[in-house]
Amino acid sequence: MCESFAKDLLAWYDAHARVLPWRISPADRAKGVMPDPYRIWLSEVMLQQTTVAAVKDYFNRFTTRWPDVAALAAAADADVMAEWAGLGYYARARNLLACARAVTSAGGFPKTEAGLLALPGVGPYTAAAIASIAFDLPAVVVDGNVERVTSRIFAMNDPLPAARPKLRDLAAELSPRERPGDYAQAMMDLGATICTPRNPACTICPVFSHCAARRLGIAAELPRKAPKAAKPERAGVVYIARRPSDGAWLIETRPEKGLLGGMPGFPGSDWVAGAAPAHEPPLTADWLTLNGEVRHTFTHFHLSLQVRIARSDAAPRQGEWRADFSPSALPTVMRKAWDLAAPQFHEF
């Protein structure tokens, strides 16, 4: 099955490959055009836990501003973090810079899966994706799309996440040594467009004859997943202040390690379980607590933030006055706080 599966899948990919800004088409690949590993690496980092639709504009802005890995390596941290704002999972942006600088220092991307895996922020999936797509090496690339396709092809009922090692072994059985880069992208495209999580389009699937789950009538039920634990709730307070004398805003740069590391934001309390904690404001002012709250969900918890605003010329105990503040540089949770507070400053 393995050889015929890859043959059928690649024939479909040659005719129906998605057009993506980081991708070399199968026709150009057949002519010997190779992808830029910088663009493959950048796209894979951006796509972690993010959709293609959300990534395209970010990718185009990044590659316009920093067209190669050396340009990105030379960029100011704050500039990169500002461009990343809204993509979430901000540790990826910090690792992006560390990796770009390591690659530039080494004179280019390693051309082995092991070498790629040694780079900052590059895990097994990203290393395999770069190895196969950028260098056409026979690496086994397994993302969520590939897990789903593989579980259905083999009618594998074991639930995720415990089933992942077994699914990787099964994906390796299917992977060909010829055209591994195109094959990896074909599997991703199949999962994204036909073998979708809900209502898979089995009647037009190019590999339906190989699919055990289709024959059993259980394709839409796979992959099975273990029940998720409920996310805990946390709460906090955030303070948004403006200095009347020059219009500057009170901004805090978060610590490099931890959530939203290195990102600009507004001073506030710790985020704790239960009610928002008592917290000394970052400066002396008549603080107004706004109606409503900010709700945001992180990977491991839900967060609610109480927003307080003030105008003051006092010296801050936390954060600093910034006249060059731009809301576009804020991470999503802080942008939500800004969106709640900004209209109030016209009336406050």
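Is Asp246 buried, partly exposed or exposed? In this predicted model, in which residues are numbered from 1 along each chain as its sequence is written, local features need a pLDDT of at least 70 and side-chain atom pairs count only at pLDDT 80 or more, while totals for chains, interfaces and linings use all residues. Side-chain values rest on heavy atoms, with hydrogens and water left out. Asp246 counts as partly exposed, at 43% relative accessibility, where buried means under 20% relative accessible area, exposed means over 50%, and partly exposed lies in between (1.4 Å probe, protein chains only).

Side chains of opposite charge can pair when their charged atoms come close. With a salt bridge taken as a side-chain nitrogen of Lys or Arg within 4 Å of a carboxyl oxygen of Asp or Glu, the count comes to 17 salt bridges. Among them, Asp246 is paired with Arg243, the closest N and O atoms being 2.7 Å apart. Asp158 forms a salt bridge with Lys166, with the closest N and O atoms 2.7 Å apart; Asp158 is partly exposed at 33% relative accessibility, and Lys166 is partly exposed at 41%. A further salt bridge joins the side chains of Arg322 and Asp324 (2.7 Å, N to O), in which Arg322 is partly exposed, with a relative accessible area of 26%, whereas Asp324 is exposed, with a relative accessible area of 55%.
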